[in-house]
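Here are a few exercises to work through with the model open beside you. Try each task before you read its solution.

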Amino acid sequence: MSATFVGMPAFPAAAREALSDTQLRRNLAHATGTIRAKRAAVVGEVDEWEELRLAGAAIKDNTLRHLDEHLLRLEESLTDRGATVHWARDAAEACEIVASIAKQHAVDEVVKVKSMATQEIGLNEALAAQGITAWETDLAELIVQLGDDLPSHILVPAIHRNRAEIREIFRDKMAAAGRPAPDDLSDRPAELAGAARLHLREKFLRARMAVSGANFAVAETGTLVVVESEGNGRMCLTLPEVVVSVVGIEKIVPTWSDLDVFLQLLPRSSTGERMNPYTSTWSGATEGQEAHVVLLDNGRTRALADEVGRQALRCIRCSACLNVCPVYERTGGHAYGSVYPGPIGAILNPLLRGTGVDDQVDSLPYASSLCGACFEACPVRIDIPEVLVHLRSKVVDAHRSAPKAEAVAMKSASWVLADSKRLGLAERGLGLAGRLLGRFGRKVMPGGRRALGRLPWPGSLWSNARDVPAPPVESFRAWWRREGRR
Amino acid sequence: MKVAVQVTCINDAMFPDTGKAVFTLLRRLGVEADFPAAQTCCAQPMVNTGYLDEAVPVVRNFVDAFAGYDAIVTPSGSCAGSVRHQHSIVARRSGDDRLAATVAETSPKVYELTEFLVDVLGVTDVGAYFPHRVTYHPTCHSLRMLGVGDRPLRLLREVRGLDLVELPAADECCGFGGTFAVKNAETSTAMGADKARHVLDTGAEVLVAGDNSCLLHIGGLLSRQRTGVRVMHLAEVLAGTESS
Ligand code: SF4
């Protein structure tokens with residue numbers, strides 16, 4: 001695998017490329033449109049949906065408030081049930097833990113399931129560097145891995161691909177990774193799934209070690225929970241002799257009964273199903289198997305320390321916010337430069353990684369029109385627009401010592417807008433400029449108003465694609481005064 | 001009831017006709033409203049771009065300008081939303097307790113125009129006349145931040161001569177988003193192009209909305225593409241009568 005998010009350009013530049021990819025735009029509009037409609041229908045069936053959302057948010061908030069205690073409780077229950085618990089501060093530590101377990105068991109390949117956290121820490125690459133191959137077993141992740149591609153969606157990492165493209169990938173790449181695709185493979189979904197099943201079955205039967213993530217970790221019983229659609233979780237979790245689970249510390253829920261709320265919220269929000277096909281739970285080590293749990297921080301305590309931003313840690317990775325996001329629908333997930341794309345990615349990445357250090361990360365809070373569709377869809381009521389604006393202020397504050405043109409513009413706007421007399425003068429200037437500029441633009445807009453011509457930078461950012469009406473000769477304020485209203 | 005109109009900075013500078021329409025309409029409904037001349041802007045451009053310090057003097061000016069009114073009516077869902085949801089954040093940032101208290105007092109008195117007409121005045125038939133085929137775009141902030149619901153449509157349905165056609169994917173963002181329109185100009189344009197296409201699909205002559213900023217964006221695209229469709233603020237439609 002060579003594809004990597006490292007070195008991705010900032011959002012506007014990355015989006016530019018995606019916007020001109022016809023196939024991508026079509027695949028995304030189709031996929032998100034379908035899932036959006038499904039979600040809306042099944043959410044509409046639940047009368048107490050709003051109460052469920054509130055309950056989900058409350059459970060997560062309470063848990064986060066005493067996260068340390070719950071984590072210790074989880075560690076204790078897991079250890080009691082024969083699992084080994086590891087704590088990882090960052091990506092490097094977590095990868096090293098997994099690699100050393102693999103080495104202890106002398107394995108050179110592992111199978112993986114449900115593992116966003118491992119993608120976040122770049123585990124596959126880290127293992128490869130130590131001569132260990134990691135195989136993705138989720139269908140969409142397999143497609144991404146074989147295609148030497150990057151995930152572009154939380155739930156459907158290959159959402160940017162259509163059937164014809166997947167057939168190509170299987171035919172070209174499966175053989176080198178194990179069992180080849182059948183010669184007469186068509187692009188019918190059932191045939192594609194069949195080819196993947198045979199290919200993966202060989203891997204499941206051979207693998208001695210599995211790496212998983214978890215959707216939830218129940219503190220009271222030391223139970224990890226994986227929710228999925230294909231049943232590959234079962235295969236990964238039961239067949240190998242060692243199972244290592246990499247779990248973000250925010251995945252914790254205190255009790256088994258808390259799960260109830262989330263198992264209702266998650267499938268309806270994510271796949272638009274009333275219930276997901278497979279829910280696997282396991283508590284500690286089963287007979288003949290060794291279980292390890294790596295509890296991963298990697299920026300989560302940093303996010304927790306952010307008063308406004310910490311609500312992002314409620315996220316259950318359902319991807320509803322991606323599917324309703326008009327920006328995501330047009331740019332796709334790669335533009336966000338992370339395994340966490342879309343609205344949640346736009347806040348989670350800066351929260352985990354910090355603002356003011358990386359231009360790419362700093363561009364993410366601005367990758368939104370603040371339309372609010374994400375907040376409306378989020379099953380745990382994360383106010384994403386609120387966090388976006390908050391993070392924008394952190395980005396701005398981090399750069400205050402070396403002001404950009406934008407900061408200067410905002411400062412002068414603030415000065416003008418703090419006093420109506422200054423604004424009145426500015427408007428008079430605008431009216432004059434408008435009269436002047438209007439001479440150059442000969443175009444008349446529908447309704448009869450004259451348009452300005454193309455503007456120089458930065459106005460060109462607007463006027464390249466959009467006509468601009470010439471400013472009126474008289475502002476409202478001037479008219480009011482002239483009328484003698486006061 | 002002492003009523004003030006927050007015309008908004010963009011209407012003041014670019015769309016004075018919208019401000020005039022609000023006064024015409026309110027007067028016809030028996031409300032003598034003021035234009036407090038000290039008003040400027042709700043500070044949304046600064047807040048949404050992350051310049052909270054720069055927003056403080058603007059918010060301060062806002063609360064001073066509108067002190068003492070029972071209701072503040074604005075022809076912008078976006079600005080009403082900004083006042084209600086963001087002014088307290090800015091005030092907290094300033095560390096000025098007096099400002100925070102004044103903000104807490106002023107913010108709940110701000111009404112988006114259709115809220116004021118329907119909820120406070122209790123009217124949906126405002127006696128308007130507009131003999132055109134019209135489609136309506138509910139802007140994101142009035143839809144989600146304020147939840148104005150179908151109030152604008154109820155008002156439009158009572159306008160004589162008006163042929164109201166439904167806009168496909170109406171609740172999808174047009175892509176304006178304040179500084180998003182220039183910071184992510186290409187994504188913004190792609191979103192707006194889809195919105196413009198939906199407008200054209202309706203066969204409407206006029207696209208109406210309650211926010212001139214969104215209309216500036218969609219209208220700019222419709223004009224650039226020579227579609228012949230014009231955009232108009234809801235207040236201007238509601239202000240028109242058979243005699244005007
Ligand atoms: S932020 Fe909310 S909607 Fe988005 S993935 Fe997380 S839980 Fe789902």
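Two strands count as paired if DSSP finds at least two bridges between them; helices (H or I, at least four residues) and strands (E, at least two) are DSSP runs, numbered from the N terminus. This is a predicted model, in which local features need pLDDT of at least 70, side-chain atom pairs count only at pLDDT 80 or more, and totals for chains, interfaces and linings use all residues. Residues are numbered from 1 along each chain as its sequence is written, chains are lettered from A and ligands numbered from 1 in the order in which they are written, and side-chain values use heavy atoms, with hydrogens and water left out.

**Exercise 1. Follow a strand pair**

Find the sense in which S6 and S7 of chain B pair, and the bridge partner of B:Ala209.

Step 1: S6(B) covers residues 206–209 and S7(B) covers residues 230–233; they pair in the parallel sense over 4 bridges.
Step 2: Within S7(B), B:His233 is the bridge partner of B:Ala209.
Step 3: Between the strands, the chain passes through helix H12 (residues 212–224) of chain B, and this β-α-β crossover is right-handed. Right-handed here says that, with the strands pointing away from the viewer, the path from the first strand over the helix to the second runs clockwise.

**Exercise 2. Examine a helix**

Check the span of H4(B), residues 52–65, and work out how many of its residues are buried.

Step 1: The expected span is 1.5 Å times one less than the number of residues. For the 14 residues of H4(B) that gives 20 Å, and the end C-alpha atoms are 20 Å apart, so the two agree.
Step 2: Take buried as under 20% relative accessible area, exposed as over 50% and partly exposed as in between (1.4 Å probe, protein chains only). By that rule 10 of the 14 residues are buried, so H4(B) is largely enclosed by the rest of the structure. Among them are B:Leu52, B:Val56, B:Val59 and B:Phe62.
Step 3: Now look for the cover, using contact in the sense of heavy atoms within 4.5 Å. It includes H19 (384–398) and H20 (405–417) of chain A, together with H3, H5, H6 and S3 of chain B.

**Exercise 3. Account for the cysteines**

Step 1: A:Cys371 is buried, at 8% relative accessible area.
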